[in-house]
Amino acid sequence: MKATARAHPIQGLVKYHGMRDEELRLPYHDSISVCTAPSNTTTTVEWLPDGDEDVYVIDGEAVDGRGAERIEMVLNHVRELAGFDHSVRMESENSFPSNVGFGSSSSGFAALAMAAVEAAGLDMTRPEISTVARRGSSSAARAVTGAYSQLYTGLNDDDCRSKRIDTGGDLEEDVRIVAGLVPAYKETEQAHKEAAESHMFEARMAHIHGQIAEMRDALRSGEFHRVFETAEHDSLSLAATTMTGPAGWVYWQPETIAIFNAVRELRDEGVPVYFSTDTGASVYVNTTAEHVDEVEAAIADCDVETMVWEVGGPAQVLDEDDALF
């Protein structure tokens with residue numbers, strides 16, 4: 001009863017903000033993202049029928065507190081689906097910096113759900129597994145289905161699940177993502193809890209459905225500029241809502257703004273490039289394979305560490321030889 005899985009983190013293109021149900025992590029509205037590879041989380045899960053305690057380890061460190069509670073939400077649901085109460089051992093490793101705005105919770109809970117379901121012997125589709133991952137992180141649902149995916153809002157698992165979006169053109173092959181690392185700690189969960197208290201939240205809810213329709217149509221048409229211009233505007237909308245909540249969260253750092261300015265200067269010179277942020281100070285810079293070297297150099301000049309990513313696929317179960325223990 002042991003399995004290992006790997007998942008890629010997501011970059012939010014039209015991001016969700018706030019949850020109507022914090023336990024089931026049901027968002028107020030749909031969201032769309034793209035997975036980023038080769039960044040990934042690898043997780044091994046072993047169910048222990050004769051075990052007497054659960055063990056959770058991430059990047060060599062034992063997990064407790066709220067982190068352990070979120071892991072238990074996923075694993076307890078798998079126990080319910082499988083009809084057993086076994087103890088569990090879980091170990092997980094990230095290939096990229098976590099908790100800096102690059103979606104480590106999405107890949108982490110996607111890999112956890114994929115491995116836990118496989119180890120339990122359950123026969124589930126990826127959209128079904130996305131509802132398991134969602135209990136740890138709503139964005140993890142989209143990391144299960146991979147590439148460009150949409151998480152649909154709803155009040156139950158039949159409706160609130162992720163599905164892959166078929167894209168036109170060469171959006172899966174030609175897109176390059178220059179990740180500009182700005183290592184500032186973020187508190188995403190608290191920001192989601194208070195989202196609806198922002199006076200900007202109703203305004204975001206009023207236009208988000210149009211944003212979703214625009215993004216879906218642009219993806220299906222394979223229009224690079226339209227996809228990532230929409231993502232850039234959505235990042236600014238999300239930040240406005242976050243910054244006007246009760247805590248007044250301001251995640252951006254001077255390096256974040258420097259990257260924004262560098263992107264705009266490149267665009268003025270005719271380079272196809274757009275910025276995007278999730279909840280955090282780090283920045284995704286979206287461009288094409290033809291221009292990625294020029295773009296990476298410009299972002300590195302902002303005195304930040306850079307990584308170049310491509311579009312990643314769905315969560316996968318790995319061979320036994322890839323197990324972490």
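Two strands pair if DSSP finds at least two bridges between them. Keep that rule in hand for this predicted model. Strands of a sheet pair through backbone hydrogen bonds, either parallel or antiparallel.

Start with the sheet. Six strands form an open sheet in the order E8-E7-E9-E6-E1-E16. The pairing in this sheet is mixed. Which strands sit at the edges? They are E8 and E16, the latter covering residues 316-317. Each of these edge strands pairs on one side only.

Strand E8 spans residues 61-62 and pairs with E7 in the antiparallel sense, over 2 bridges. Within this pair, Ile-58 has Glu-61 of E8 as its bridge partner. E7 and E8 form a hairpin, with 2 residues between the strands. Look at Asp-59 in this hairpin: its phi is positive, near 50°.

Step across to the next neighbour. E7, residues 55-58, runs parallel to E9, residues 87-94. The two are joined by 4 bridges. Find Thr-44, and you will see Glu-91 of E9 standing opposite.

A helix lies against this sheet. Helix H1, residues 65-82, packs on the sheet and touches E6, E7 and E9. The direction of H1 makes about 125° with that of E7.

Next, look at how helices pack on each other. Two packed helices are described by the angle between their axes and the distance between the axes. Take H1 and H2 as one case. H2 covers residues 104-119. The axes of H1 and H2 come within 10 Å and cross at roughly 25°. Angles under 35 degrees count as roughly parallel, so H1 is roughly parallel to H2. Their crossing is right-handed. From H1, the contact uses Arg-70, Ile-71, Val-74, Leu-75 and Val-78. From H2, the contributors include Phe-109, Leu-112 and Val-117. By class, this contact has 9 nonpolar residues, 1 polar and 1 charged.

H2 has another partner, H4, which spans residues 138-145. Here the angle is about 65°, and the axes are 7 Å apart. This crossing is right-handed. H2 brings Ser-105, Ser-106, Ser-107, Phe-109 and Ala-110 to the contact. H4 answers with Ser-139, Ala-140, Ala-143 and Val-144. What classes of residue make up the contact of H2 with H4? There are 5 nonpolar and 4 polar residues, and no charged ones.

Now place these parts in a record. UniProt lists residues 7-161 as "domain: Diphosphomevalonate decarboxylase-like N-terminal", in an unreviewed entry. In the model, this span is 32% helix and 28% strand.

H7 covers residues 201-221, and H8 covers residues 224-243. Their axes come within 10 Å and cross at roughly 165°. Angles over 145 degrees count as roughly antiparallel, so H7 is roughly antiparallel to H8. H7 passes H8 in a left-handed crossing. Residues of H7 in this contact include Phe-201, Arg-204, Glu-214 and Leu-219. Among those in H8 are Arg-226, Val-227, Asp-234 and Leu-238. The contact of H7 with H8 divides into 8 nonpolar, 6 polar and 5 charged residues.

Technical notes. Residues are numbered from 1 along each chain as its sequence is written. This is a predicted model: local features need pLDDT of at least 70, side-chain atom pairs count only at pLDDT 80 or more; totals for chains, interfaces and linings use all residues. Side-chain values use heavy atoms; hydrogens and water are left out. Axes are lines fitted to C-alpha atoms, for helices over the stretch in contact, and angles run from 0 to 180 degrees between N-to-C directions. Angles under 35 degrees count as roughly parallel, over 145 as roughly antiparallel, 65 to 115 as roughly perpendicular and the rest as oblique. A crossing is left-handed if the near helix is turned anticlockwise from the far one by less than a right angle, and right-handed if clockwise. Contact means heavy atoms within 4.5 Å. Ala, Val, Leu, Ile, Met, Phe, Trp, Tyr, Cys and Pro count as nonpolar, Asp, Glu, Lys and Arg as charged, and the others, Gly among them, as polar. UniProt positions are given in the numbering used here, feature names are shortened, and annotations may be inferred rather than shown by experiment.
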